[in-house]
Amino acid sequence: MASTKEYLDFILGQLSNLEEITYRAMMKEYILYYRGKIVGGIYDDRLLVKPVETAIRYMTKVRYELPYDGAKEMLLVDEVGNQEFLEGLFQVMYDELPNPKKKK
């Protein structure tokens with residue numbers, strides 16, 4: 001199953017108050033970036049984020065899921081309908097996310 005453009009548009013709308021939210025399509029799924037750092041992605045119409053400590057502490061319910069077979073577990077974000085929560089999640093995660101790798 002692949003993610004829909006409609007779900008991506010919904011998530012982007014929920015994050016519209018944040019600056020520098022971008023995405024990249026990859027194999028019918030979407031990788032999400034916040035200020036240049038990978039936060040997570042949309043897989044099978046599920047928002048999954050990197051399992052960093054700040055995200056785990058911020059979320060009210062922590063559930064790990066695989067984005068696809070053979071991948072590392074990520075955190076499922078259930079509260080996608082709560083714009084304030086979603087924006088706050090991305091903001092608290094930012095400092096803990098790894099910097100993008102330098103292109104050669």
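Start by selecting K28, which counts as exposed at 65% relative accessibility (exposed means over 50% relative accessible area, buried under 20% and partly exposed in between, with a 1.4 Å probe and protein chains only). Before moving on, note that this is a predicted model, in which local features need pLDDT of at least 70 and side-chain atom pairs count only at pLDDT 80 or more, while totals for chains, interfaces and linings use all residues. Residues are numbered from 1 along each chain as its sequence is written, and side-chain values use heavy atoms, with hydrogens and water left out.

Stop 1: Keep K28 selected and look at its backbone: phi is near 65°, a positive value in a residue other than glycine. Most residues other than glycine have a negative phi. K28 sits in the loop between strand 1 (21-26) and strand 2 (29-34); helices (H or I, at least four residues) and strands (E, at least two) are DSSP runs, numbered from the N terminus. Strand 1 and strand 2 pair in the antiparallel sense over 6 bridges (two strands pair if DSSP finds at least two bridges between them). To see one of these bridges, select M26 and its partner in strand 2, E29.

**Stop 2: E20.** Next, go to E20, in the loop between helix 1 (5-14) and strand 1. E20 has a positive phi of about 65° although it is not a glycine. Is E20 buried or exposed? At 53% relative accessibility, E20 counts as exposed.

**Stop 3: I11.** Step into helix 1 and pick I11. I11 counts as buried because its relative accessibility is 0%. Which residues does I11 touch, not counting those up to four places away in sequence? They are L32, I42, L47 and V80, where contact means heavy atoms within 4.5 Å.

**Stop 4: T60.** Move on to T60, in the loop between helix 2 (53-58) and strand 5 (64-65). T60 is exposed, at a relative accessible area of 68%. Show the side chain of E79 as well: it makes a polar contact with the side chain of T60 at 2.7 Å. A polar contact is a pair of N or O atoms within 3.5 Å; within protein, one must be able to donate a hydrogen and the other to accept it, and residues adjacent in sequence count only if both atoms are side-chain atoms. The C-alpha atoms of T60 and E79 are separated by 9.2 Å.

**Stop 5: E65.** In strand 5, select E65, which counts as buried at 16% relative accessibility. Its side chain makes a polar contact with the side chain of R46 at 2.5 Å. Residues that E65 touches include R46, L48 and E73.

**Stop 6: helix 3.** Finish with helix 3, residues 83-93. At its N-terminal end, N82 is the cap: a side-chain oxygen lies 3.3 Å from the backbone nitrogen of E84. Then color the buried residues of this helix, F85, L86, E87, G88, L89, F90 and M93. What covers them? The cover includes helix 1, strand 1, strand 2, strand 3 (37-43), strand 4 (46-49) and helix 2.
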